[in-house]
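These notebook entries record what I looked up in one structure, element by element. I begin with a helix and then turn to strands and packing.

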Amino acid sequence: MRTHAQAVVIGGGVIGCSILYHLAKLGWTDSVLLERDELTSGSTWHAAANIHGLHDNTNITRIQNYTMDLYNALEAETGQSCGVFQPGSLYLAQTEAREHQLRLQAAKAKYYGLQFHEVTRDEAERLHPLVNYDGIRCIMFEPSGGNVDPSGVTNAYATGARQMGAEILRFTPVTGTEQQPDGTWIVRTPKGDIRTEWVVNAAGLWGREVGKLAGLDLPLQPTEHQYFVTETIPQIAGMDKRLPSVADRDGEYYLRQEGQGLLVGAYERDLKFWAEDGTPQDFGHDLFDGDLDRIEDNIMRAIDRVPVVGEAGIKRIINGPMIWSPDSNVLFGPVPELRNYFCCNGIIPGFSQSGGMGLMAAEWITRGESSYDMFAWDVARFGDWADAAFTKARVGDQYAHRFSIHFPNEEREAGRPVRTRPVYEMQKDLGGVFGLNYGWEHPAWFADTPGTKDTNGFTRQNWWGPVGDECRMLRDHAGIIDISNFAKYSVRGEGASDWLDAIFANKMPRAVGRSCLTPLIGVNGGIAGDFTVTKLGEEDFLIIGSGAAERYHQRFFNAVERPETVAFESQTQAMCGFNVAGPKSRDLLARLTNADLSTETFPFMRSARITLAGIDLVALRVSFTGDLGWELHCRTEDQVALYTALLDAGRELGAGPVGSRALMSLRIEKGYGSWSREYSPEYWPQEVGFERLCKLDKDFLNKDAYVALKDNPAREMLSIIEVLDVTDADATGGEPIFLPDGTPVGRVTSGTYGYTVEKSLALGFLKGVEPGAEVDVMILGKPHRGIVLAEPPFDPAGARLRA
């Protein structure tokens, strides 16, 4: 066995083998896969292995279609059958909400050139005559849907990897992963040690155990999961074609042909956790006893829809384990706290995603960044706050609601609250309805009655009116927005300015009291982040960025060697903040401080340490609302006193608390982008108006990558669209955009109603479309006419912002 390797992949399931294959494909043929047992042990071998191309997330849709296309090519390349059956998949909508979801997916499919379209009941009956279509509002057909052979696919990846020179060692458990002073790893096994540049944890059911070898506590929890296969069904045996699978997600089961019978599986509400204290080391090709009583309600709904299920005998029951993350997406990417340790754990639809997942992992490892923005999967989206109790609660919710629609703006309550600020109870008493941001509770909106909960759907919900009231209050008077969930960092010490200049693309402020906006450039030259940097004193800086991306951005701060004289410290927990904005914000603050807040003394993008309501804090003259305003950052222990003073002073001026959904509307009225929506490693600075912030007369992180593309014409431009013919729904993000003749030209990244400009608005990327042009925005999957605006509808000249 090799003693050195470029990468060591731990885990011989379908994902581990795909990563090894793609590493070899990208030139890392000196890579090794270690499997504790046989290939496919754990979850892979007993998977139902259904495949489908459409997903609510655009990049995951791309990945799933790459995977489906790869299987046939993999067979031809390796000679190993993948057992691909693609008779298509029928998607059924019993509810209006499901119909909205399917129509939106059909619009996305049209945009990306994929096959997913509506069929009539007559067409559906010809495709699958055993289904009872009564009560179905809408039927979509995906011709490429189907299933594969789990062992065949896994062995095809393995064969392809071996053919390119990679090595696979079965019956070789990993007993240790130890990082060396030079950043390399020693992977220990009973057969000997391997020194490697990269460790890849793709250990499936044993992902937690392998992670602990490197000191990691990964938020993962296994459950049992059941499906059964019927005996031969005469109607199927008599057919000369294979039936399409049935996705009746409102019925909470899945169904497809298996042999001459049917396979039926379910995600029941009465789920059963497994191996809470750790996956047994001797578990392999094992199953649990069947317990169909747990999924009886799901089975009865399947029988109602496909009556022959109730007439057929059961041939076998498969009850095996699956391992889940708190949001049912994979934990993916390099661990920010370690060097060259890659996670790929907690995969549920593995056979729909294995190829794309392997490609993205191989790109990230060999090139430093994947082609697609994978933040939806990034292991960095969870921190140590995602403990065992939170993970178990969220996994239980995800499993039991596996087929429920994830609505725009939906905030599921399981496992919460995890992290709260001192004003949490105050905000609840004020009617706060909360969202979750990197574990922190933050008010999304304020209801008239405390204890009010969100309603959810694709159309306007119960919060739509109150959020409008908050927006109008701020624009007419003032609003107080809790921004404590923003990430905050302190950088101090000799050389701090130079170190920050070496990280960020913009020049750091030279004078005390100045602030700047700066992008962070990714490995491929795109936008990895956007930050406000404020100089508080000589070699003393406060940095503010996306709260959801705090752990993600740690990778970039770690990428530039920090001098021993420079201290870098997260202040996100130690500090809280409020944005006080609106035309009366200066009057409100003046009632609480003797500091001079006049434009002459305190202009836009300036800062100062001031005392307000007897509290020492940092005041920044910035506002994400696009209105006159200040950010106030105080010690966490002062938050209650500051909030109380602001609310009391604001009440006399018609001001009050404002939530994050109002902030979304206000920033879109101003045309402001947001990280992970408009700013992403996939987008170039010149596509979002950030090129002016990239200073080429200095060095900064990944400057060469930016220089290589800076003169390229924008592939598409961030634009703002007024949607004209909306009635009860606005764009939310992800909707395709077409020209009136049906030509695809872009997609929405953020959408909302602009309450104070009285327009339904969408931010998005458009290709070759000029201001004034008419487009169709596919809200609810249907065309809604829109006009591309030449400038933001609110205060385009910035007069209010600089007042």
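Which residues of α17 are buried? I worked on a predicted model, and there I found Q639, L642, Y643, A645, L646, L647, A649 and G650 to be the buried residues of α17.

**Entry: helix α17.** I checked the length of α17, which covers residues 639-651. At 1.5 Å a residue, its 13 residues should span 18 Å, and the end C-alpha atoms are 18 Å apart, so expectation and model agree.

**Entry: the open sheet.** I traced an open sheet of six strands and noted the order β28-β29-β30-β27-β21-β31, with mixed pairing. At the edges I found β28 (607-612) and β31 (656-658), each of which pairs on one side only. From one strand to the next, the twist averages 30°. I then looked at what lies against the sheet: α17 packs on it and touches β21, β27, β28, β29 (615-620), β30 (629-635) and β31. The direction of α17 makes about 10° with that of β27.

Strand β21 (residues 479-482) pairs with strand β27 (residues 575-581) in the antiparallel sense, over four bridges. I recorded A581 in β27 as the bridge partner of G479.

**Entry: strand β11 and its partners.** I next listed the pairings of β11 (residues 192-201). Strand β1 (residues 4-10) runs parallel to β11 and is joined to it by six bridges; in this pairing I noted V8 opposite V199. Strand β10 (residues 185-189) pairs with β11 in the antiparallel sense over five bridges, and V187 stands opposite I194. With strand β18 (residues 341-345), β11 pairs in the parallel sense over three bridges, where V200 stands opposite F342.

**Entry: helices α13 and α18.** How are α13 and α18 oriented to each other? I found that α13 (residues 464-476) and α18 (residues 660-669) pack at an angle of about 55°, with their axes 9 Å apart. The two helices are therefore oblique to each other. I recorded their crossing as right-handed. For the contacts, I noted that V467, E470, C471, L474 and R475 in α13 meet R661, A662, S665, L666 and E669 in α18.

Definitions and conventions. Residues are numbered from 1 along each chain as its sequence is written. This is a predicted model: local features need pLDDT of at least 70, side-chain atom pairs count only at pLDDT 80 or more; totals for chains, interfaces and linings use all residues. Side-chain values use heavy atoms; hydrogens and water are left out. Two strands pair if DSSP finds at least two bridges between them. The expected span of a helix is 1.5 Å times one less than its number of residues. Buried means under 20% relative accessible area, exposed over 50%, partly exposed in between (1.4 Å probe, protein chains only). Axes are lines fitted to C-alpha atoms, for helices over the stretch in contact, and angles run from 0 to 180 degrees between N-to-C directions. Angles under 35 degrees count as roughly parallel, over 145 as roughly antiparallel, 65 to 115 as roughly perpendicular and the rest as oblique. A crossing is left-handed if the near helix is turned anticlockwise from the far one by less than a right angle, and right-handed if clockwise. Contact means heavy atoms within 4.5 Å.
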